[in-house]
Amino acid sequence: MRTRTFGGTKAEIGYGYVKKKWWGLKKEAIIVKPIITITRDEVKAVEDLFSPKEYGKLLAQAYLNGWDANKAKKLAKEFDKQYKNFRVKFRGRYACGSYFPEGDVIIEKGNDKYGAVHFIKRHILRQRLGKKGKLTVFPSDWSADFILSLIGETIKKGRIDCSDPEHTPRKFVVEKRFGYFRGKWVGRKVRVVLSYDRARGIYKFITAYLD
C-alpha cells in the first residue's frame, strides 16, 4: 500500500511487517491483519531513536503484547520529544557504605541496553528481552510527561536500594513508592537505574520501571 498525503507517504503496519517498500523499507511478508498506519512525518518524530523499519516492528509488537498501537505510537513520540530536555539534580549522600556525589541526571539516546532507546522498547512498547523476565511496563494511559515526572521525583526523593544484586557505586537503583497510585498500581514502586559518569560529573539514566 502506498498513498500520497499532505503528511507524506503512508505505510501500513501489521504483525511486525511493512506491506510494501516505503522510505527504505523492504517487503518482508504479507500482512495477515493490518493494525496501524504511520506516515513519514510520524516516523520522523522518533527517527533520532529508531529506523522506520524498527519503529514499525516495535509498534506491531506492542499491539501483540496488548497495547493499543495508536496509544503506543503517541507515547513513544511524546517521550522522544521530551527526554532530551530532562535534567534532575541527584543530591549527594552516603549510602550502602559508599558516597554518591551530587550531580545532574540526564537521559541520553543510549541503545538496547540503556537510555531512551532501551526505555521505550522495554518499558513502554513491551519488547521482551529473551524468553524470561516479566514485562515491567508503564500503563498505556500514562502520559510521557507524567512518567518523566515520576522518574524525576524518584531521583530526587527516593532511596538507594543497597540490596539490588547489580548494585555498585557506579551503577545503582533509586526507588520510591507513590501513595497516589490507584487500582492495580497501588503499592507499586518506581525504580530508576543510574550510572555515574565520573569524567563528566553526571549521572546517566539507564532505565526505569514499575516494581
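Let's start with Ile 151, which touches Phe 86, Phe 119, Val 192, Phe 205 and Ala 208, leaving aside residues up to four places away in sequence; touching here means heavy atoms within 4.5 Å. This is a predicted model, where local features need pLDDT of at least 70 and side-chain atom pairs count only at pLDDT 80 or more, while totals for chains, interfaces and linings use all residues. Residues are numbered from 1 along each chain as its sequence is written, and side-chain values use heavy atoms, with hydrogens and water left out.

Ile 151 also shows up in the largest nonpolar core, which has 52 residues; together with Phe 79, Phe 90, Phe 119 and Ile 155, Ile 151 touches the most other members. Such a core is a set of buried Ala, Val, Leu, Ile, Met, Phe, Trp, Tyr and Cys residues joined through side-chain atoms within 4.5 Å, with buried meaning under 20% relative accessible area (1.4 Å probe, protein chains only). H5 gives the most to this core, 6 residues.

Strands are DSSP runs of at least two residues, numbered from the N terminus, and two of them pair if DSSP finds at least two bridges between them.

| Strand | Residues |
|---|---|
| E8 | 103-106 |

E5 and E8 run antiparallel, joined by 4 bridges. Val 88 has Val 105 in E8 as its bridge partner.

How values were computed:
Buried < 20%, exposed > 50% of the residue type's maximum accessible area, 1.4 Å probe, protein only.
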